[in-house]
There are 2 protein chains.
Amino acid sequence: MPQLIFVPGPSATYFTLEDHLKSALKEQVMAISHRSPAFKGIYKFTVEQLRQLLDIPQAYEVVFTTSATEVWDRMAENLVDTHSLHHVHGAFSKKCAQAFQRLGKEAQMITAPEGTVALFDPKAVEAQPELIHFTANETATGVKHPMADLREAKKHFPDALIAMDVVSSTPTTPIPFEDLDSVYFSVQKCFGLPAGLGVWIVSPRAIAKAHALTVAGKVYPSYHPLLEMVDKGKGYQTIETPNTLNIYLLGKVAEDFRRKGVDVIRREAIYKNTILIKCFEDHPLLSPLVQEKDWRSDTVAVANVEGGSAPLIAYLKEKGLVVGAGYGKHKAAQIRIANFPTHSKEQIELLVDLIADWRP
Amino acid sequence: MPQLIFVPGPSATYFTLEDHLKSALKEQVMAISHRSPAFKGIYKFTVEQLRQLLDIPQAYEVVFTTSATEVWDRMAENLVDTHSLHHVHGAFSKKCAQAFQRLGKEAQMITAPEGTVALFDPKAVEAQPELIHFTANETATGVKHPMADLREAKKHFPDALIAMDVVSSTPTTPIPFEDLDSVYFSVQKCFGLPAGLGVWIVSPRAIAKAHALTVAGKVYPSYHPLLEMVDKGKGYQTIETPNTLNIYLLGKVAEDFRRKGVDVIRREAIYKNTILIKCFEDHPLLSPLVQEKDWRSDTVAVANVEGGSAPLIAYLKEKGLVVGAGYGKHKAAQIRIANFPTHSKEQIELLVDLIADWRP
């Protein structure tokens with residue numbers, strides 16, 4: 001019997017995936033040349049669906065990478081000469097800062113304790129940053145960065161690019177593009193697609209910065225420089241033979257999301273999150289990791305489990321429900337539950353009922 | 001009606017793909033965590049199938065990249081300090097050399113005229129190369145590099161690593177691993193899979209070289225350094241969330257190939273190639289691009305078409321058969337036909353009969 005998978009990514013696939021895979025086979029999407037008009041049509045359709053779903057400004061460009069991890073390298077290579085500033089409140093925001101450091105950038109980290117948000121603090125900034133990085137939704141801890149902070153950062157450092165990891169929150173949490181220059185996500189979280197594709201959205205300011213660094217000979221000339229990706233993308237093309245299947249599936253699921261209505265997806269997420277948090281609060285052995293209500297993720301709920309999370313995970317697994325363990329060093333102490341668009345209200349209600357009944 | 005696609009990659013998908021996609025859905029391959037035992041099992045199975053199918057020596061390591069294009073960058077970054085030597089007989093072997101040059105390497109090209117092979121020539125070598133690159137099968141022109149040349153190169157430069165692009169020839173053309181240190185392919189050619197995955201196979205000598213360069217601080221610290229990929233791979237893991245679906249499908253198709261027998265695949269390719277070349281030779285308006293018999297690819301047949309290839313391509317397309325145009329500047333003058341394991345003898349016979357009947 002198939003399991004209900006609530007691990008925060010890769011997670012349960014979107015329920016329309018099987019139909020779209022059938023269409024992809026029928027339309028020979030996996031066999032067409034990536035230089036063909038058919039491919040260009042797929043690329044164009046997907047970008048248009050994303051633009052409408054996420055309300056991406058027309059002047060912003062959308063390019064495809066192979067993962068969000070790749071975007072960390074490409075941001076460091078294309079958007080920063082020497083200094084970046086990173087708000088770190090978990091394993092993934094830290095890994096991003098470390099990727100910049102590996103590539104020789106002075107990447108300052110502002111770090112917050114587990115379960116809280118690393119807020120922008122102009123007094124803590126050591127050097128004028130060229131790029132300020134935020135993580136909308138830290139998948140490791142389930143904290144959400146308050147979006148008002150972006151504007152605050154921009155006010156203090158108007159020349160800096162503002163970047164945001166929206167990997168596990170898109171499209172559930174709205175993205176304030178007017179305050180952002182570099183936004184990226186991967187498709188195996190809320191979109192419920194197979195992994196292997198990243199989406200990177202850049203503002204005209206980000207492109208101008210990449211241009212200035214390129215002219216100065218400061219951009220690492222990998223096979224995926226931002227300016228070349230943007231150029232190719234304008235012709236609905238990619239540099240290398242891309243993951244055409246995933247680009248196709250992303251367009252189809254983005255269209256499904258639009259038909260359902262992104263507002264409906266967002267309302268459902270709030271309901272599902274509310275009953276998850278209440279369940280954590282009501283259970284004698286559970287407590288939500290994130291105490292501050294406004295900082296609680298819309299899409300990933302994390303709880304501390306007294307005595308360790310393994311028995312709860314095993315109990316749920318026996319009933320066919322798979323939830324995530326804590327991330328990294330918190331593996332044994334926490335559970336992490338994804339509340340993605342594919343996780344229906346009924347599924348989360350079932351999960352909540354089972355957790356409520358659980359006693360080790 | 002579905003078309004019969006003979007474009008040399010992406011090309012027609014392998015005929016078992018649909019079944020494997022169904023199994024992947026049933027087994028929730030696209031939903032599992034890439035840190036789970038289930039993922040490790042898939043990774044292990046696929047590598048084992050490849051080892052047996054291609055006769056990869058046990059001491060060689062197999063890692064997954066996002067494309068063969070990525071491998072060009074990773075080879076330049078991890079295996080070469082200053083000098084490489086490239087045998088260029090078409091667009092793809094040239095692009096590889098250019099990728100090395102972009103990344104600051106002194107990449108010497110030995111270039112051959114269109115339709116011939118750039119053979120190793122010790123007298124032409126300007127500087128002691130650290131890596132000597134060959135292309136087994138140039139997808140742009142349909143020439144095959146004679147494998148004896150690898151040993152010749154090794155004899156003259158015993159300290160150099162020998163690298164080979166086997167993108168569009170594997171598994172049809174056998175790979176002499178004993179003469180090779182770095183071998184790579186992507187899965188959208190002979191394996192008939194969706195694009196978005198590269199396979200990179202490295203010898204202990206290649207790993208030792210990467211180690212020496214790493215210790216010397218000379219390896220570009222991307223998110224995909226060879227040594228870290230190898231380390232993760234030993235635990236059947238990847239650095240980033242990978243294209244799990246494609247890794248799964250590759251294992252399944254490699255298993256199918258083994259069941260059929262790689263010898264059968266090779267014999268069929270020779271038969272299909274023979275009738276394709278004969279058809280080019282017999283037709284008043286066609287001629288094979290590659291004149292030297294021993295240099296003709298096992299998997300990609302290219303013909304010059306007097307008066308231009310567009311009418312022939314259109315005629316075949318009307319009958320539901322899609323062949324490739326020439327590559328790059330030869331787009332209008334040539335046709336390119338893939339002879340991959342998924343292209344059955346009957347399909348190639350049909351194609352040959354139609355071409356034989358064609359008069360513009």
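**A walk through the model**

A:Asn273 is found in helix 9 (residues 262-282) of chain A, where helices (H or I, at least four residues) and strands (E, at least two) are DSSP runs, numbered from the N terminus. This is a predicted model, in which local features need pLDDT of at least 70 and side-chain atom pairs count only at pLDDT 80 or more, while totals for chains, interfaces and linings use all residues. Residues are numbered from 1 along each chain as its sequence is written, chains are lettered from A and ligands numbered from 1 in the order in which they are written, and side-chain values use heavy atoms, with hydrogens and water left out.

Me: Does A:Asn273 count as buried or exposed?

Reply: Buried means under 20% relative accessible area, exposed over 50%, and partly exposed in between (1.4 Å probe, protein chains only). Because the relative accessibility of A:Asn273 is 9%, this residue counts as buried.

Me: Which residues does A:Asn273 touch, not counting residues up to four places away in sequence?

Reply: Contact means heavy atoms within 4.5 Å. With residues up to four places away in sequence set aside, A:Asn273 touches A:Ser297, A:Asp298, A:Ala301 and A:Asn339.

Me: What area do chain A and chain B bury between them?

Reply: In chain A, 42 residues are in contact with 42 residues of chain B. Buried area is the accessible area (1.4 Å probe) that two parts lose on being put together, summed over both. Of the area buried between chain A and chain B, 59% is on carbon and sulfur atoms, and the area comes to about 3700 Å².

Me: Which side chain meets that of B:Glu228 in a salt bridge?

Reply: A salt bridge is a side-chain nitrogen of Lys or Arg within 4 Å of a carboxyl oxygen of Asp or Glu. The count between chain A and chain B is two salt bridges. In one of them, at 3.3 Å from N to O, the side chain of B:Glu228 meets that of A:Arg102.

Me: How many residues apart in sequence are the parts that A:Arg205 and A:Asp181 tie together?

Reply: The side chains of A:Arg205 and A:Asp181 meet in a salt bridge of 3.0 Å, N to O. A:Arg205 lies in helix 6 (residues 204-215) of chain A, and A:Asp181 in the loop between strand 8 (161-165) and strand 9 (182-186) of chain A, so the pair ties together parts whose separation in sequence is 24 residues.

Me: Why are B:Lys44 and B:Glu48 separated by about one helical turn?

Reply: B:Lys44 forms a salt bridge with B:Glu48, with the closest N and O atoms 3.3 Å apart. Both residues belong to helix 2 (residues 37-54) of chain B, and they are separated by about one helical turn because they are four residues apart.

Me: What distance separates the C-alpha atoms of B:Gly233 and B:Phe64?

Reply: B:Gly233 has its place in helix 7 (residues 226-234) of chain B, and at 10% relative accessibility B:Gly233 counts as buried. Although B:Gly233 and B:Phe64 are 169 residues apart along the chain, their C-alpha atoms are separated by 8.5 Å.
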